[in-house]
Amino acid sequence: MEQKQQSERLGTEAIPKLLRSLSIPAMIGMFVMALYNVVDTIFISYAVGIEGVAGVTIAFPIMMIMMSMAGALGIGGASVISRRLGERRGEEANQVFGNILTVILVLSVIGFISAFTLLGPALQLFGATSVTQGYATDYLFPILLGSIFFFFAFAANNIIRSEGNATFAMVTMIVPAVLNILLDVLFIFGLNMGVLGASIATVIAQASVTGLVLRYFLTGKSTLSLHWSDLRMKGSVIKEVCLVGLPAFVQQSSASLMMIAINSMLLRFGSDFYVGVFGLVQRIMMFVMMPMMGIMQAMQPIVGYNYGAKQYSRLRETVMLGFKVATIFSIGIFALLMLFPEALLRVFTADREVIQAGVSAMHILFCVTFLIGAQIVAGGLYQSLGKPKQALILSLSRQIIFLIPLVLILPHIFGLSGVWWAFPIADVLSFILTVVLLYRDRNVFFLKTKEERELDLVKTASST
């Protein structure tokens, strides 16, 4: 299959220009996606109150598990596809895409059935109380019924980006986000549907983009093409996609376990009120992490393509530039969070008690945010190189290895503030681990081309 220009430029265009052209659409798309999550929370906070926010916060880990499955398929598939395209193995890239669609269909059936069988017990396991159970159910039931739209949209977005088509990937994030915000106003306020209205708006918005993405793949605009034979599941393909995507799944699903642990400790040493406060702070956290996530997502197709094409000088340049830009962003975000926490919280609520509790939490939670950028980029780097072991270690480190144990231990010593202090301590420990792994594997990122090796030999010979 002849490569389309959008994929070819991953191996030819100047790295700074390429990284900028891929990261800006990724950032815009993710900002808008984060924005509609933020708007959901704002509307629920004002229409229902902090109890509604707490209910959504309890439900969110289950939604995160769904997103982690889609993310694993999308990121794993994107890594495999971008390397296949770099190696000029287009038909195999199509087969990877088809297998991913088949797995999405299977997961969607499981999600639909779970809405009627497992939702209630799962919410109780995740910490729902008599105050929050109804709100959590209202939010999750429609989402599980429409799980096919979520799985497809999240996975397809990463695959589109793996072709180098960041602009359309951005469109697939902006369209449902804008529609969701408009429908929020109608359902939450116009029809007075509260949390249920927010959920229905989200499902309709995700369904809207499904047709848009299908049209993209079926009308020849994609580098990939879809044939019925590619839908037949092949064990080796699924295994490779899942192995590469496993770190992304672990990272997202461990975030779900983290939420369960945090909500449990907040209820034990605080109340539903503090679960709601953390729900607001978490939305801010999601929003401000988007620039680093955008850089990471822009790097992945460039790294994967050039690694597959053995263009190691371009690989080195991408890695160095990505770390530099992500670090600059993380320092700027740190300054924003430390200087203006109250202003950020006022976007969500006018409740003075909620704002005071949120400011106190944010000053602790975000006190080492300037370290986050390197961790995010490093995890994405290992994924794009098809090195699941290292990516898995980094995905596990912050949330499973460090954060959850700290969340479960520190409150017994420091009370409620121990929950907040677990975050910066985990960030420091995870950063140290990231530096150790990057230093150990430095030769992987800084591979030399055959010409560079020959030049080194000539220099060595001439010096002797």
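Residues are numbered from 1 along each chain as its sequence is written, and side-chain values use heavy atoms, with hydrogens and water left out. In this predicted model, local features need pLDDT of at least 70 and side-chain atom pairs count only at pLDDT 80 or more, while totals for chains, interfaces and linings use all residues.

A search of the whole structure gave 2 salt bridges (a side-chain nitrogen of Lys or Arg within 4 Å of a carboxyl oxygen of Asp or Glu). Glu342 pairs with Arg346, with 3.0 Å between the closest N and O atoms; these residues lie 4 apart in helix H14 (residues 341–346), about one turn of the helix (helices are DSSP runs of H or I, at least four residues, numbered from the N terminus). Arg352 also forms a salt bridge with Glu342, at 2.8 Å between the closest N and O atoms. This pair links helix H15 (residues 352–365), which holds Arg352, to helix H14, the two residues being 10 apart.

Aromatic pairs (ring centres of Phe, Tyr or the six-membered ring of Trp within 6.5 Å; planes under 30 degrees apart are stacked, over 60 edge-to-face, the rest tilted) number 7. Phe273 and Tyr274 form an edge-to-face pair, 5.1 Å centre to centre with 90° between the planes. Phe112, Phe116 and Phe141 form one aromatic cluster.

Ser430, in helix H18 (residues 416–440), is buried at 2% relative accessibility.

Note on methods
Buried < 20%, exposed > 50% of the residue type's maximum accessible area, 1.4 Å probe, protein only.
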